[in-house]
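Dear colleague,

Please find the structure below, together with its sequence. My notes on its helices, sheet and aromatic rings follow.

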Amino acid sequence: MYIKSIKLNNFRNYSNQEIQLDKEINIFFGDNAQGKTNVLESIFLCAIGKSFRAKKEKELIKIDEEKATVEIEFEKIDRDGIKKNKVSEILGNINIVMFSPDDIEILKSGPAKRRRFLNILISQLRPQYVYYLNMYIKTIEQRNNYLRQIKELNNPTKEMLKIWDEKLAEYASYVFNYRNEFVEKIKDKILSIHKNITQEKEEIKIKYISDCLNKEKYIEELEKNWEQDILRGYTTKGVHRDDIYIYINGKQVNIYGSQGQNRTVILSLKLSELEIIYDEIGEYPILLLDDFMSELDSKRRENFLKSISNAQILITCTDEFTIDNKMCKTYFVNSGKVSNRLEK
Ligand code: ATP
Ligand code: MG
């Protein structure tokens, strides 16, 4: 799969910008705060349906403008082997894997970041997942409102809670099943990927932790926690607390691992994501490397790019660099304008 062109209109600091992309490696150079990441963000938005950094959608619209548009023209092999081109209306059609220095948060920060990692992967491949997840979140909010009502009114009838529990468990089991399916896929991929990177020195293990392994048990669990939930005014058990534990040689990596071990785990996770998407759609997703290369020396950059050489890659970087043995298209980004530097 590859993107042919991107058109940005009043998106972030871009007024009107068209970018023709190369099928292989595209490097965006420029000083800080010029609009490099904004280009990747526009692609991410079209693939996932939301930004990876905006708290409110309004932030994406150029200041003082009414609306923003992003148009992406891409080519993808469809499952019947017929090529198709589509402009816009692309949600769920473009597949991406993003690499950024912030990825380390997946391990170092709380479980929300790990759920987000799963959500981004699953939502690209199973659009229904987004629906069930949203319904789950909505139901939790309704149940929480009801819990607070019971407390405020000192209302002893809890019959309605049973109904909310049933509904919540229904959506929770969909969310659980999708997550479980994808954690299994990650397990299948990551062991050999990680062994390769660490030259067989490290064995990685992944465990999916959830309150909702089984629908009936989850309903019982909810009921057991009624008093506590009413007292606190929120739902304590559910897939909104799911987590993934990652072990290296038997020890939890985010607690006991070195910095290098944590970084390597992130790389293995991302490469697993890449292979899972490849298996599902029969071609490589587009890779978005935000400031990622600046952390690697030139040898590692080359090795890394070799290991993913079949995908279209977009790289942002502040220092100009070239990649031996591989020609790439480079762009210069300066205050919301992208210009071509070197053509292939
Ligand atoms: P760095 O190298 O520091 O990561 P970058 O080139 O990746 O920088 P971006 O994050 O792409 O920078 O863009 C940041 C620029 O976009 C800033 O100058 C910021 O003020 C501007 N910007 C962000 N949102 C908007 C908006 N809604 N309207 C106008 N400008 C915006
Ligand atoms: Mg940036």
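In this predicted model, the axes of helix α4 (residues 127-153) and helix α5 (residues 159-197) come within 9 Å of each other and cross at roughly 150°. Axes here are lines fitted to C-alpha atoms, for helices over the stretch in contact, with angles from 0 to 180 degrees between N-to-C directions. The crossing therefore makes α4 roughly antiparallel to α5 (angles over 145 degrees count as such). The crossing of α4 with α5 is left-handed, meaning that the near helix is turned anticlockwise from the far one by less than a right angle. Helices (H or I, at least four residues) and strands (E, at least two) are DSSP runs, numbered from the N terminus.

As to conventions, residues are numbered from 1 along each chain as its sequence is written, and chains are lettered from A and ligands numbered from 1 in the order in which they are written. Local features need pLDDT of at least 70 and side-chain atom pairs count only at pLDDT 80 or more, while totals for chains, interfaces and linings use all residues; side-chain values use heavy atoms, leaving out hydrogens and water.

An open sheet of 6 strands shows mixed pairing in the order β6-β10-β11-β3-β12-β13, where two strands pair if DSSP finds at least two bridges between them. Its edge strands, β6 and β13 (337-340), each pair on one side only. From one strand to the next, the twist averages 20°. Strand β3 runs parallel to β11 (residues 313-317), joined by 5 bridges, and Phe28 stands opposite Thr316 in β11.

Rings of Phe, Tyr and Trp (its six-membered ring) pair if their centres lie within 6.5 Å; planes under 30 degrees apart count as stacked, over 60 as edge-to-face and the rest as tilted. By this rule there are 11 aromatic pairs. Phe28 and Tyr331 are stacked, at 4.4 Å centre to centre with 10° between the planes. This pair links strand β3 (residues 25-29) to strand β12 (residues 329-334), the two residues being 303 residues apart. Both Phe28 and Tyr331 are buried (under 20% relative accessible area, 1.4 Å probe, protein chains only).

The ring centres of Phe99 and Phe292 are 5.3 Å apart and their planes stand at 55°, so that pair is tilted. Phe99 counts as buried at 1% relative accessibility, and Phe292 is buried at 12%.

Ring pairs also link Tyr129, Tyr131, Tyr132, Tyr174 and Tyr178 into a cluster.

Yours sincerely

Definitions and conventions: Buried < 20%, exposed > 50% of the residue type's maximum accessible area, 1.4 Å probe, protein only. Parallel < 35°, antiparallel > 145°, perpendicular 65-115°, else oblique.
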